[in-house]
Amino acid sequence: MTEYRLVAEPYADLDVAAAFNWYEKEQAELGREFLDEPRATYDRVADGPLAYQDQRSGIRRALVRRFPYAVYFAVE
């Protein structure tokens with residue numbers, strides 16, 4: 001079985017940080033709850049990236065549960 005490793009682009013990390021700050025301002029601890037969801041999505045993607053449909057030109061998408069975000073990735 002192939003092991004996969006996720007490498008995030010710096011802009012993706014900035015986007016997650018901005019979302020964390022926004023949710024934390026909306027409600028105490030909601031930002032922390034938000035952070036759990038992308039992490040769980042990253043784990044699902046690393047466990048089986050080919051399970052996600054190719055959207056276009058090798059780019060795949062995994063939806064984040066509970067929050068309106070998606071993780072876009074490519075398998076290399």
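1. Which residue stands opposite A70 of strand 3? In this predicted model, that residue is L63. A second pairing links A62 to V71, its bridge partner in strand 3.

2. Strand 2 and strand 3 form a hairpin, and six residues lie between them. R66, located in the turn, has a positive phi of about 75 degrees.

3. The sheet as a whole is open and consists of three strands in the order 1-2-3, with antiparallel pairing. Strand 1 and strand 3 are at the edges; each has a single partner strand, so one side of each lacks a neighbour in the sheet. From one strand to the next, the twist averages 45 degrees.

4. The faces of strand 3 can be told apart. In a regular strand, side chains alternate between the two faces of the sheet. V71 and F73 make up the covered face of strand 3, whereas A70, Y72 and A74 make up the uncovered one. Helix 2 lies across strand 2 and strand 3, and runs at about 135 degrees to strand 2.

5. F73, on the covered face of strand 3, also takes part in an aromatic pair with Y52. A pair of aromatic rings is described by the distance of the centres and the angle of the planes. For Y52 and F73 the centres are 5.8 Å apart and the planes stand at 85 degrees; the pair is therefore edge-to-face. Both residues are buried. The pair links distant parts of the chain, since Y52 belongs to the loop between helix 2 and strand 1 (54-56) and F73 to strand 3, 21 residues apart.

6. The whole structure contains seven aromatic pairs. Ring pairs join W22, Y23, F34, F67 and Y69 into a cluster.

7. The structure holds two salt bridges. In one of them, the side chains of E33 and R66 meet with an N to O distance of 2.7 Å. E33 is partly exposed, at a relative accessible area of 30%, and R66 is exposed, at 55%.

8. How far apart are the closest N and O atoms in the salt bridge between D36 and R39? The separation is 3.7 Å. D36 and R39 are three residues apart in helix 2, which means that about one helical turn separates them. D36 is partly exposed, with 43% relative accessibility, and R39 is also partly exposed, with a relative accessible area of 47%.

Notes: Residues are numbered from 1 along each chain as its sequence is written. This is a predicted model: local features need pLDDT of at least 70, side-chain atom pairs count only at pLDDT 80 or more; totals for chains, interfaces and linings use all residues. Side-chain values use heavy atoms; hydrogens and water are left out. A salt bridge is a side-chain nitrogen of Lys or Arg within 4 Å of a carboxyl oxygen of Asp or Glu. Buried means under 20% relative accessible area, exposed over 50%, partly exposed in between (1.4 Å probe, protein chains only). Helices (H or I, at least four residues) and strands (E, at least two) are DSSP runs, numbered from the N terminus. Two strands pair if DSSP finds at least two bridges between them. Rings of Phe, Tyr and Trp (its six-membered ring) pair if their centres lie within 6.5 Å; planes under 30 degrees apart count as stacked, over 60 as edge-to-face and the rest as tilted. Axes are lines fitted to C-alpha atoms, for helices over the stretch in contact, and angles run from 0 to 180 degrees between N-to-C directions. Contact means heavy atoms within 4.5 Å.
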